[in-house]
Amino acid sequence: MAQESPKNSAAEIPVTSNGQLEDSHEHSFNRDLKHSLPVGLGLSETKITSHGFDGAKEGAVEAGQFPSSSASPKSSVISPSSAAASRLAGQGCDLIIPTGGRAQQKSGPVVLADEVKNPAMEKLELVRKWSLNTYKCTRQIISEKLGRGSRTVDLELEAQIDILRDNKKKYENILRLAQTLSTQLFQMVHTQRQLGDAFADLSLKSLELHEEFGYNADTQKLLAKNGETLLGAINFFIASVNTLVNKTIEDTLLTVKQYESARIEYDAYRTDLEELNLGPRDANTLPKIEQSQQLFQVHKEKYDKMRNDVSIKLKFLEENKVKVLHNQLVLFHNAIAAYFAGNQKQLEQTLKQFHIKLKTPGADAPSWLEEQ
């Protein structure tokens, strides 16, 4: 490839601060450039760039071969002024005019995409809202306990809730006593069965007291059998009351807790809105008042919904409680009366009336013959 003499090279034209050409320094600059370049290095292997408009700054010289070899040897020059650009254009140089003080770079199409939501920012926003809501509710609770804050009260609903909680405590006491009775009755039945077996053994070994031991053995076994029947009725009573207390009533009380939480939130945001309405109304406070009004409306709807849910559940609970306890109390009374009266037939009929099936000993573990 033929090399061009450095005399034909294009150099960056220095300019003054007002953008005019400084011809007095042109020959000296070209002479310095000639001595600074290696011997035999043509302008086709040289790229001169400038990184700003300041005429006091010198250009950077970078050696390298341009991709296109078919075109005539040219250099890309970023000119600081239009006058210098016109002069260099006559020398066969390609000009790239900078925009904003930097060289323009050719690139592909630019695609503007929507900002991707950051999961961390979303979690942070949720934590912020939760913290603010917790703070408001805590402040409301403390102010109510200190007697400074107002509290929304539904007298009729609050009275029903208090009765329900008091009844739950009483039912739990009945349930605990019934479980104690069942445990003691089981121990007595077990003792009676062992005593009956001992009488039966002595009846076989003591010929002179065969009949006496035999009568006592039969009596104890009969009492043990009746005791097992009574024990089945008591356990059925315990299971039904336990379901009523620890599932049905507890589910209603869980809804009551949600209602009370909604009431606290409602009062907290109501207090905030009242405080903002009492303050001045200007350009800074009006957006806050509008936002507080929206939050208040949301929590008011939630409070009204929870209050309606509690009222419905209390109504259905009362109906279910009366029905369940009526049947269980009748069962308990008839079974106890028949057992202590010694009426075995009446005791068995009581269990059949309530569809109670007693488990015979060993019923849970079938024999190997039955499994086959």
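Helices (H or I, at least four residues) and strands (E, at least two) are DSSP runs, numbered from the N terminus. This is a predicted model, where local features need pLDDT of at least 70, side-chain atom pairs count only at pLDDT 80 or more, and totals for chains, interfaces and linings use all residues. Residues are numbered from 1 along each chain as its sequence is written, and side-chain values use heavy atoms, with hydrogens and water left out.

**Exercise 1.** Find what share of residues 289-320 is helix and how far apart the end C-alpha atoms are.

Solution. Start with the record: an unreviewed UniProt entry places "coiled-coil region" at 154-181 and 289-320. Next, read the model: residues 289-320 are 100% helix and 0% strand, with end C-alpha atoms 46 Å apart. For residues 154-181, the figures are 96% helix, 0% strand and 41 Å.

**Exercise 2.** Is lysine 168 buried or exposed?

Solution. First locate lysine 168 in helix H4 (residues 155-205). Its relative accessible area is 12%, so lysine 168 is buried (under 20%; exposed is over 50%, partly exposed in between, with a 1.4 Å probe and protein chains only). Then list its contacts (heavy atoms within 4.5 Å): beyond neighbours within four places in sequence, they are Val245, Ile249, Glu250 and Leu253.

**Exercise 3.** How are H3 and H5 oriented to each other?

Solution. The axes of H3 (residues 119-145) and H5 (residues 210-278) come within 9 Å and cross at roughly 90°. Therefore H3 is roughly perpendicular to H5 (65 to 115 degrees). Residues that meet include Asn133 and Lys136 in H3 and Arg263 and Ile264 in H5.

Methods:
UniProt positions renumbered as here; feature names shortened; annotations may be inferred. Axes fitted to C-alpha atoms, helices over the stretch in contact; angles between N-to-C directions. Parallel < 35°, antiparallel > 145°, perpendicular 65-115°, else oblique.
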